[in-house]
Amino acid sequence: MYITPDGTFVMPRKISGARKVAKGRRNHFTGQMVLGTADDPCHLDFESHTEYMTCLCLIARMDVVAIENQVPCEWTKPDGKKATHYFDFRVSHDDGTRVAIMVKGSHRTESARLMGELETIAAEVPASFAEDVVLMTEDDLDPIDLHNAVMFHEMRQDEPIIDAAARRVLQTLQGAIQIKDFQHLVGFDGQGFRAIVRLLRCGELETIHHERIGENTLVRRSAN
């Protein structure tokens, strides 16, 4: 449950998913994560740690505008029978294209049978469902991107007064500055740092180097 700035209680809406994910299994990582903001929270189920990490990295991307999970798509088995494959995610990009994503543990890609089946399914996906199909494992996740995606998710909730202070400082920036110096100008201690992370998340600020975000990270106003 979220509390909006005006004190209203909001329950997260469920992101579309046609297949129910069984949670609470023993010896199997499952769960639910809340996305969005206090004004429009939503929740998404996942059934593996790789799915969880993949989702964090996807929603951190600036070009991803929407995400769905457990999206059904019909395909034909080698024996001619129809079946339904549930894509773990389908993301919509800001250019209007959609990508269907299969998430598997890297060890499962060693199965020739499974890989053959996934290739068959991918080949049958119509353009009306997605323009591209991608298979992702934990090996495809950049550790730096994942670290920053976790930070973006943890610090996503707006703090209007502090965010406004950070934006005022942002407008005065000339060239690059370390986050700790930016934070000193913003004030509000750790809350100032969180506001700077939100500026990075929304693209108003950018890092100079591809690195894990920290107090020594060099940042500058985004050119966009």
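What covers the buried residues of helix 5? In this predicted model, the cover includes helix 4 (160–170), strand 10 (177–178), helix 6, strand 11 (205–207) and strand 12 (218–221). Helix 5 itself spans residues 179–186. Its buried residues are Ile-179, Phe-182, Gln-183 and Val-186. These residues lie on the same side of helix 5, because they cover an arc of only 100 degrees around the axis. In an α-helix, residues three or four places apart point the same way, because there are 3.6 residues a turn. Just after helix 5 comes Gly-187, with a positive phi of about 85 degrees.

Helix 6 (residues 189–202) also meets helix 3 (residues 143–154). The two axes come within 9 Å and cross at roughly 115 degrees. Helix 3 and helix 6 are therefore roughly perpendicular to each other. The crossing of helix 3 past helix 6 is left-handed. On the helix 3 side, the contact is made by Met-151, Phe-152 and Glu-154. Their partners in helix 6 are Phe-193, Arg-194, Val-197, Leu-200 and Arg-201. By class, this contact has five nonpolar and three charged residues, and no polar ones.

These elements belong to a chain with six helices and twelve strands. The chain has 224 residues, and 43% of them count as buried. Among contacts in the chain with a separation of 6 or more, 56% are between residues 24 or more positions apart.

Methods
Residues numbered from 1 in each chain as written. Predicted model: local features only at pLDDT ≥ 70, side-chain atom pairs only at ≥ 80, totals over all residues. Heavy atoms only, no water. Axes fitted to C-alpha atoms, helices over the stretch in contact; angles between N-to-C directions. Helix = DSSP H or I, 4+ residues; strand = E, 2+ residues; numbered from the N terminus. Parallel < 35°, antiparallel > 145°, perpendicular 65-115°, else oblique. Left-handed = near helix turned anticlockwise from the far one by under 90°. Contact = heavy atoms within 4.5 Å. Nonpolar A, V, L, I, M, F, W, Y, C, P; charged D, E, K, R; others polar. Buried < 20%, exposed > 50% of the residue type's maximum accessible area, 1.4 Å probe, protein only. Arc of directions from axis to C-beta.
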